[in-house]
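Hello,

Here is the structure I promised to pass on to you. Have a look at it first, and then read my notes below.

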Amino acid sequence: MSDRCYRCYKPENSCLCKYTKELDTGIKFVFLMHPKEAKRQRTGTGNLSHISLKDSEIIVGLDFLQNKRLTQLLEDKSYFPVLMYPGEQAWTAKKEGLKETIGNRKLLVLILDATWFCSKKMIDHNPFLLELPRVSFFGNYTSIFTFKHEPKPEYISTIECCYYLIKELQTIDFVDSKLDPEPLMNVFKEMIKLQLTAENERIMGLRPSTHNYDGKYKRLKEIPDYLD
């Protein structure tokens with residue numbers, strides 16, 4: 001078994017770190033990661049987002065009400081905490097008064113990093129999160145992770161959430177318009193390409209299966225043009 005990169009957790013021969021670039025957005029992103037995501041999906045987009053975004057954090061757990069670090073962040077008056085979650089009252093970059101409401105505080109964005117099923121469980125365990133102001137998108141987006149089945153097309157990955165939020169906040173100069181957020185999508189595309197290539201190699205017998213369900217997949221995956 002090959003050694004793994006301590007940052008992206010990929011085997012060293014397929015490390016994704018060379019495709020990342022640390023972005024200073026002026027926003028503090030905090031990823032509330034479900035324990036299953038932390039255990040099984042350490043190579044997922046939550047960790048890649050953390051690597052790519054300066055001053056971001058990952059907090060692993062299921063019940064966050066008594067979490068000391070999250071409590072510390074929420075009680076810090078220098079932050080304006082919001083939950084990335086849809087809702088009629090959610091702030092978007094097009095909603096008047098966002099910049100004025102935040103004032104001179106730093107925007108702290110909490111993002112649930114989990115499968116959609118597990119994210120619902122996280123909300124069930126932490127209803128206090130829904131009492132926070134919410135932030136969402138004014139645009140409609142679909143994930144480029146099209147071969148991964150989600151309940152709805154508009155359910156996008158953690159790294160895509162960060163990307164589109166940054167892009168939208170740039171339209172109101174809340175994030176420096178000179179900042180290029182494309183490295184987030186670039187490393188995401190490399191991750192997808194790596195996963196598709198590995199699955200095709202397993203199907204062709206070029207690498208061993210690592211999961212019991214690998215045997216169900218016999219058809220080679222097409223590598224989409226947008227990954228080139």
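This is a predicted model: local features need pLDDT of at least 70, side-chain atom pairs count only at pLDDT 80 or more; totals for chains, interfaces and linings use all residues.

Residues are numbered from 1 along each chain as its sequence is written, and side-chain values use heavy atoms, leaving out hydrogens and water.

Now to the charged pairs. Side chains of opposite charge can pair when their charged atoms come close. A salt bridge here is a side-chain nitrogen of Lys or Arg within 4 Å of a carboxyl oxygen of Asp or Glu. The whole structure has 6 of them.

E57 forms one with K28, at 3.0 Å from N to O. E57 sits in strand β2 and K28 in strand β1, so their pairing ties together parts 29 residues apart in sequence (strands are DSSP runs of E, at least two residues, and helices are runs of H or I, at least four, numbered from the N terminus). K28 is buried too, at 2%.

D55 bridges to K106, with the closest N and O atoms 2.9 Å apart. D55 is in the loop between α2 and β2, and K106 is in strand β4, 51 residues away. Shared partners join K28, D55, E57, R69 and K106 into one network.

Enjoy exploring!

How values were computed. Buried means under 20% relative accessible area, exposed over 50%, partly exposed in between (1.4 Å probe, protein chains only).
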